[in-house]
Amino acid sequence: MNNPTDMLTAQQRQDIIRHSLQKRHKTERRLRWAGLTAITIAISFLVILISNIFLNGYTALLQSELQVEMTIPKAELVDENGDLDAARIMTFNWNGLVKKAFRKKFPDVKGMMDKRSLGDLVSDNAGYELRLQIEKNPELMEQNLFWIKTSDDVDMYMKGRLDASLPEKMRRLDDKQIGWVDQLKEVSEIRKVFNTGFFTTADSREPESAGILGAVVGSAMALMVTIILALPLAVMAAIYLEYFARPGRVTDLIEVNINNLAAVPSIVFGLLGLSVFLGFFNMPRSAPLVGGMVLALMTLPTIIIATRASIRAVPTSIRDAALGVGASRMQAALDHVLPQAAPGILTGTIIGIAQALGETAPLIMIGMVAFVVDVPTSITDPATALPVQIFIWSDSAERAFYERSSLAIMVLLVFLISMNLLAVILRRRYEKTW
Amino acid sequence: MTAFFTSFTGSLLWLILISAGIYFLSLRRLSGQIQTSQSKPHSLAYYYGRYAVIWAFFPAIIVLIVWTSFTRPLENQFIIQSLSAAYPDLPSSFVDLKIAQIKNISSGLIAAEDDIMRGLADQYGYASDRLSMLRYVTVILVSLIGGMFAISRIKPHFKARVVFEGFLRRVFTFAAIVAILTTIGIIVSLTFEAFRFFTQYHPIDFFFGTHWSPNVALREGVENALDEDVGGSSGSFGMIPVMAGTLLIAFIAMLVAVPIGLFAAIYMAEFASRRVRNYVKPTLEVLAGIPTVVYGFFAALTIGPFIRNLGLFAGLDVSSQSALAAGAVMGIMIIPFISSLSDDVITAVPRSLRDGALGLGSTRGEMITKVVLPAAFPGLVGAFLLAISRAIGETMIVVMAAGVSAQLTANPLDSVTTVTVQIVMLLTGDTEFDSVKTLSAFALGITLFVVTLCLNIAALSMSRRIGGRYE
Amino acid sequence: MSDTVKILASDVNVFYDTKQALHDINIDIMDRQVTAFIGPSGCGKSTFLRCFNRMNDVIPSCRVDGHIMMGDENINDQALDPVFLRARVGMVFQKPNPFPKSIFENVAYGPRIHGLVTNKSEAEDIVVDSLKRSGLWNEVHDRLHDPATGLSGGQQQRLCIARAIAVQPEVLLMDEPCSALDPIATSIIEELINDLKDRFTIIIVTHSMQQAARVSQKTAYFHLGHLIEYGETKDVFTRPADPQTEAYISGKIG
């Protein structure tokens, strides 16, 4: 026997193996520990990310307001019949009214500079917003006490996001301004209320007036277009590939294309949209229509792949049964297989749409990154989308936009989570075991 | 009101109405035919209706869409002509603004600032009303003619179902071909614009140039002299530093994502109990579902400053837009991508191989490192290639957290720029569509497309390799 | 052939969750003999085989009760390291499962992980010896570094046997080793088993009664988780004591 281990007795062999065991199990434990660490790191990233955004954003749910006592000069604003006159309202100096009334609170403040910095405590949009309120509800003119928005810097200070211990020069509010705000705090003439405006208005240059409604509507419109285009196309393409395509070069080409398109960087779809839809067809820039079309091309592969999977999950016996009783291939596919596959298709679509909702880069390419102060009313209006709004705000200098961007992210995440939950619920509910 | 009738939506509504009418007309025609000829129809009645609707709806809707998409450029052409007649020396950068103004004036959104504009707007309004009216009439005519033609062909022995299904089948085929059309669209449009770029800027200078500064104003004096030979007066577009920045950030991302993703996948596939798997897998999927703009926000406003402060603490000069910050956050984004792909690949290694290893007295660890991972190797490489492709094509994180100026450096603490950042920079803001600067973005775009395409194909062929070897 | 008992199993019960797969099995496996486990599919013979090297540990829902003594050690003792056990009780599986490595690396795998070889030449010696013993040497000696997956099914299975005996186990478990092979490959493996029994205690699970009759000295017949009959192979096949065994052997059930 030339086997070297034969030179070892069975006992010796066992000793060698037994001796090696401890070290080997230790290596194994190290691998297991590495895996656990990796998972812990990944999950803590998630926790840090979410909590970071929450901590930065939750304060945007509140907005500071201060109380101002003023009488609105009704006589200057109505026509002969006593109704509001649109032209007069437009030209009236609302901001002047508000600022003057506010300065009355601090009669001691004299001097040009001081008066100006006092006025800076009030939002530059306060007058405009007061006008909108009165246009909506003229009876407010009888009132004497108004709560108006503070400037974003005061808002930040009220929320503890302005470090008063910094040197005065490095702060956006100087010592005097902070003093005034503190005085107001003592007499409870400044308060924080729920920030309704954030959910009911569109973008603005002033952080305290900026809201996400415009972006949400823009996103909704774009996604509508996406669904209308992508869902039927994807279902038809999937039926074709599963039921009618003959195996061959064309079918292979289609399949390779679909798989590859699913991995093409999203910005490339944006370039396609820019050069074909905007450049060649001259479609409107910044429009949800074009955004939706680009997103449709982008999500098409995802939905096709999901649809094919759910069509394939329907047992062939159903198709065969339909064919057996004399249905045509098309009837079998549309009337018998498709309804069975519907929940799966729906789930795939929701997941695809959720992906599209979070997409930013292709929309930037087709100009949905514009500054839009109106809520869009049609799919050809200039608009922006929720993720793009986040991008725009986080690019702005004001600290207050940072907070709003975080809250907008939270809103976006809530949408995404609910869409994914819906998909999970649908899958659980309609999951069939054949 | 007529404006609505003749608008796109109005025409569409009319089309639907007409189609519905045609549907019922065709059913009546069929039942009349059946009564006179006393014969049984070939198909169910509604197939005859559907057949007629195809003829009433589809040619007309195609006319409507094609007309609309091709007359918009024509309309603009019309405005530009009358504009240049009215303002002979209007700078080209104002043209778009004026066009928008004219359109808005004509639709009553804004008031005209002067009589010339009002006149132009009226001209435009008149022309576009005429065009819409003409479109409306054509579309309705096409629809009616199509519907009538279909109805005239309805007879009981007409095989309506077969014809209808044949039509559907063609539509389905077209739907499947959209995937190919999209790819062709991407390639053709990007190549077309890139080609225009290359007629103005030499491809060799683009692909091998080491200096990237698309804005002439930003160039420094010394390089200016050199650039004159290469780029003329329009900035220099050597993409090597941009590509290098892209690869540096992608490399940092992979450095973060591969170990974490791979070890997480190993744990999930080989050690985790089913319960742990059921909780951890969806949690990691949440990480994958977070939009990239959120990661970008996190990178730019939290991780970037954090790394910078850390650097200050350690006495290092770290850019607040360091490659490290962008790369690290991109790595976090890619973790779930790698872990779920690797998990799939690892669990696809057949049970029999694991049994074989354990049966010989391997520990679980030895089974994983010496048998399972080597068997999964091609698939894992495929997953990593896909991840690299994703990192290279990722846009928002780098747009928000990486720099804009191109530097040829391997120092992760420096600020670098990437292909996608440059594309976004070059194409946002008010740029003319034809400038070299704008066109260079498309040259970058086609490069990006080709690089990611190659990576995807390589990844696909890698993962196919594992499929062939085992059952 | 010897008359010593190698493994003594007593009162072995196996459960999958609450379902009992094996009931009170008592058996003694003789040293350096071939013992065959036969019975209709689902009778628990493979499950029982996997008790001898604790491969059932891999299945989380599986629980094994009872004593399986090898020498003075209880195989079923949870304190016993299965890694150590499996070095002493090797196994060959139903489907050939060579690792995606070269032929050489496949055979050298076991000795290497257990630290039985310390250098290349020792490994070479073991590989050559094991391949010779498994009758594969002549077919593969000129392509030791080719991938093992390129071999034919029968060759792959013999490679798996070579891989198992390279560790020099005391017992070799074979779980239907020929079920995926053609008749010629099967007969080669049967001859090999016959050669190997001089050095190893072999337990083979087979669905083929002819194979059991050809290769084994002792045969155990299992039915629905019960050991029905155990004895000398020739006795079990010629004069079965139990009517169930007789029914199986004569093809009435199966």
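A:Thr226 touches A:Leu231, A:Gly292, A:Leu295, A:Ala296, A:Thr299 and A:Ile353, leaving aside residues up to four places away in sequence; contact here means heavy atoms within 4.5 Å. This is a predicted model, in which local features need pLDDT of at least 70 and side-chain atom pairs count only at pLDDT 80 or more, while totals for chains, interfaces and linings use all residues. Residues are numbered from 1 along each chain as its sequence is written, chains are lettered from A and ligands numbered from 1 in the order in which they are written, and side-chain values use heavy atoms, with hydrogens and water left out.

A:Thr226 is found in helix α9 (residues 213-244) of chain A. Helices (H or I, at least four residues) are DSSP runs, numbered from the N terminus. A:Thr226 counts as buried because its relative accessibility is 0%; buried means under 20% relative accessible area, exposed over 50%, and partly exposed in between (1.4 Å probe, protein chains only). The side chain of A:Thr226 reaches the backbone oxygen of A:Ala222 at 2.8 Å.

Another threonine, B:Thr138, is found in helix α5 (residues 115-153) of chain B. B:Thr138 has a relative accessible area of 24%, so it is partly exposed. Not counting residues up to four places away in sequence, B:Thr138 touches B:Val63 and B:Trp67. B:Phe377 lies 239 residues from B:Thr138 along the chain, and their C-alpha atoms are separated by 62 Å.

Next come the nonpolar cores. A nonpolar core is a set of buried Ala, Val, Leu, Ile, Met, Phe, Trp, Tyr and Cys residues joined through side-chain atoms within 4.5 Å. The largest one has 283 residues, and those with the most contacts inside it are B:Phe206, B:Tyr295, B:Ile423, C:Phe37, C:Phe48 and C:Phe52. Helix α9 (residues 240-271) of chain B gives the largest share of this core, 19 residues. Apart from this core lies another, of 34 residues, among them A:Phe146, A:Val154, A:Met158 and A:Val181. The contacts of C:Phe52, not counting residues up to four places away in sequence, include C:Ile7, C:Ile29, C:Phe37, C:Leu85 and C:Ile203.

Chain A also meets chain B, with 74 residues of chain A in contact with 79 residues of chain B. The area buried between chain A and chain B is about 6,700 Å², of which carbon and sulfur atoms give 78%; buried area is the accessible area (1.4 Å probe) that two parts lose on being put together, summed over both. One salt bridge is found across this interface, where a salt bridge is a side-chain nitrogen of Lys or Arg within 4 Å of a carboxyl oxygen of Asp or Glu. The side chains of A:Arg24 and B:Glu366 meet in a salt bridge (2.6 Å, N to O). Helix α1 (residues 10-57) of chain A supplies 20 residues, the largest share of the side of chain A that touches chain B.

The contact between chain A and chain C takes 15 residues from chain A and 19 residues from chain C. About 1,600 Å² is buried between chain A and chain C, of which carbon and sulfur atoms give 56%.

Notes. Helix = DSSP H or I, 4+ residues; strand = E, 2+ residues; numbered from the N terminus. Polar contact = N/O pair within 3.5 Å; in protein donor to acceptor, adjacent residues only side chain to side chain.
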